[in-house]
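Student: I would like to go through this model feature by feature. Please give the general idea each time, then the case at hand.

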Amino acid sequence: MRTIFKGGLIVLGLLIALLLIFGLWLWNATRLPVDLPPSQVPVRGDFVLSQFYVPPETIPSDPGVMIRQETLEGNSVLESADANIRLLYSSTDGLGGQDVTAVSGALYLPAGEAPEGGWPLMIWSHGTVGIGDVCAPSYAGRGERDPAYLNPWLQQGFAIAASDYQGLGTPGTHPYMDARTMAYNNLDLARALHSTDLPLSTNFVIAGQSQGATGALASASYAEDYAGGADLAGVIATGIPHFSPPVIWELAANSDRDEVSASVGLSLYMLAFAEMLDPDFEMDAVLTDQARTVVEKIDETCVFDFISATQQARLSNSTTFNSRVEVPLIKVFSRAGLYNLDFDTPVFAGSGTADKITPFFMQQEFLADACDAGATINAVTYDGANHNQGLLQSTQSAQDFARLVLSGGEVSNSCEER
């Protein structure tokens, strides 16, 4: 009898904790300041990669202006590109929403002569790479998965441009998962490219995976209000993160605090952003001694090596944190939310049923919410595909979708079948 009573108290305590988390999410979603004062933001991961990444003393006062270009070499080159170009351009600071800052990126042009009207343009919104400057894709390269996805686009005659995102490569801390920052960076990259004489189509698509899926979808959310002149024809998103209250509830109720998984490393990246959102929060204060020696390298270790280090150290939620971290994480979730789900542009959404990074139920919840909001979504499911496989298996369908929307064709709306 005493055992049953004790078990009931534990369940009641968990339910109360979950209700608290749910209430805090709602509170922060409505009350968290949109604009963060610069003095509130600590600096992490700043390194001088080369003089190219050092902004000029006077940055253009308008966002979407090309500052400089140079030829890419080494790991940052895509083998199917005829021209590999590193870029520095101006973009609105996504944290404060007012100042203009410098952001780096890259442009890849296919071989051959550009068609009339320019190469069809795909903006690539990259997934998680880390938070230190050394992880900027235009400097560090793109691992194995992304080139396997991007090279076929070049082979099919698409130009690809990709932002590193604010704080990766350039001064300041990268605000990991901040939707508005990625949206501004993607839209301003398109504007900067179109301010040059490069042979690129005026309309474009934005594609993204995981963190980049949030960036691509956020670009659609902000496109009209922030960049009314941007001709965004469509969005391609795979491995979509979606932190709605039901998703947070499901994650909290079914998480295994003793599981050693990649999600621990991603949570630590989010907590680095939480330090930027709350001046009273310090990540170091919630870490165990076991975790601290790994996390102290978070500024200089990129995602694959960092996650590998967390797993080698057998870090789980219970061995990483000495106190609960749901509240600071919820503040990050609120910043990772989308401005609206009633997108003016059609969306291709690819989901792998075996995805453990952005679980399948999370992606299905996004589709349900977006469809309810009135979005036009062409949804494709890849049975048995994990996080990376879902992206790679979507390549052909994503290219077909891009050609269709760039030519003004009508997209099949999966929402009508729900």
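Student: Is Arg 86 buried or exposed?

Tutor: This is a predicted model, so the numbers are computed from predicted coordinates. Burial is read from relative accessible area, and under 20% counts as buried. Arg 86 has a relative accessible area of 10%, so the residue is buried. Arg 86 is found in strand 2, which runs over residues 83-92.

Student: What does the side chain of Arg 86 reach?

Tutor: For a polar side chain, look for N or O partners. The side chain of Arg 86 reaches the backbone oxygen of Ser 138 at 2.9 Å. A polar contact of 2.8 Å also joins the side chains of Arg 86 and Tyr 53. Beyond its neighbours within four places in sequence, Arg 86 is in contact with a list of residues including Phe 52, Arg 68, Glu 70, Ala 106 and Tyr 139.

Student: How many aromatic pairs are there, with ring centres within 6.5 Å as the rule?

Tutor: The count comes to eleven aromatic pairs. One of them joins Tyr 53 and Tyr 139: the ring centres are 6.3 Å apart and the planes are at 85°, so the pair is edge-to-face. The pair links distant parts of the chain, 86 residues apart. Tyr 53 is in the loop between helix 1 (2-31) and strand 1 (66-71), and Tyr 139 is in helix 2 (residues 137-140).

Student: Which relative accessible areas do Tyr 53 and Tyr 139 have?

Tutor: Tyr 53 has 2% and is buried, whereas Tyr 139 has 38% and is partly exposed.

Student: Which residues form an aromatic cluster?

Tutor: Trp 124, Tyr 149, Trp 153 and Phe 158 form one aromatic cluster.

Student: Which ring does Arg 68 lie over?

Tutor: Here one looks for a charged group above a ring face. Arg 68 lies over the face of Phe 52, at 5.8 Å from the ring centre. Arg 191 lies over the face of Tyr 226, at 4.9 Å from the ring centre. Both Phe 52 and Arg 68 are also on the contact list of Arg 86.

Student: Where is Ala 106, and what does Ala 106 touch?

Tutor: Ala 106 is in strand 3 (residues 100-109). Its relative accessible area is 0%, so Ala 106 is buried. Not counting residues up to four places away in sequence, Ala 106 touches several residues, among them Leu 72, Ile 85, Arg 86, Ser 138, Arg 142 and Ile 160.

Student: What follows helix 9?

Tutor: Arg 314 follows, and its phi is positive, near 55°.

Student: Where does Val 129 lie, and which residues are in contact with it?

Tutor: Val 129 lies in the loop between strand 4 (119-125) and helix 2. At 17% relative accessibility, Val 129 counts as buried. Leaving aside its neighbours within four places in sequence, Val 129 is in contact with Cys 135, Pro 137, Leu 168, Cys 302 and Val 303. Val 303 is also one of the buried residues of helix 9.

Student: Which backbone atom does the side chain of Asn 413 reach?

Tutor: The side chain of Asn 413 reaches the backbone nitrogen of Ile 377 at 3.1 Å. Asn 413 lies in the segment after helix 14 (395-406), and is buried, with a relative accessible area of 15%. Apart from neighbours within four places in sequence, Asn 413 is in contact with Ala 375, Thr 376 and Ile 377.

Student: How many helices and strands does the protein chain have?

Tutor: There are 14 helices and nine strands. The radius of gyration is 21 Å, close to the 22 Å that the globule rule gives for 418 residues, so the chain is as compact as a globular protein of that length. Of the 418 residues, 56% count as buried. Among contacts between residues at least 6 apart in sequence, 80% join residues at least 24 apart.

Key:
Residues numbered from 1 in each chain as written. Predicted model: local features only at pLDDT ≥ 70, side-chain atom pairs only at ≥ 80, totals over all residues. Heavy atoms only, no water. Phe/Tyr/Trp six-rings, centres within 6.5 Å; stacked < 30°, edge-to-face > 60°. Helix = DSSP H or I, 4+ residues; strand = E, 2+ residues; numbered from the N terminus. Buried < 20%, exposed > 50% of the residue type's maximum accessible area, 1.4 Å probe, protein only. Lys NZ or Arg CZ within 6 Å of the ring centre and 35° of its normal. Polar contact = N/O pair within 3.5 Å; in protein donor to acceptor, adjacent residues only side chain to side chain. Contact = heavy atoms within 4.5 Å. Rg over C-alpha atoms; globule rule 2.2 N^0.38 Å.
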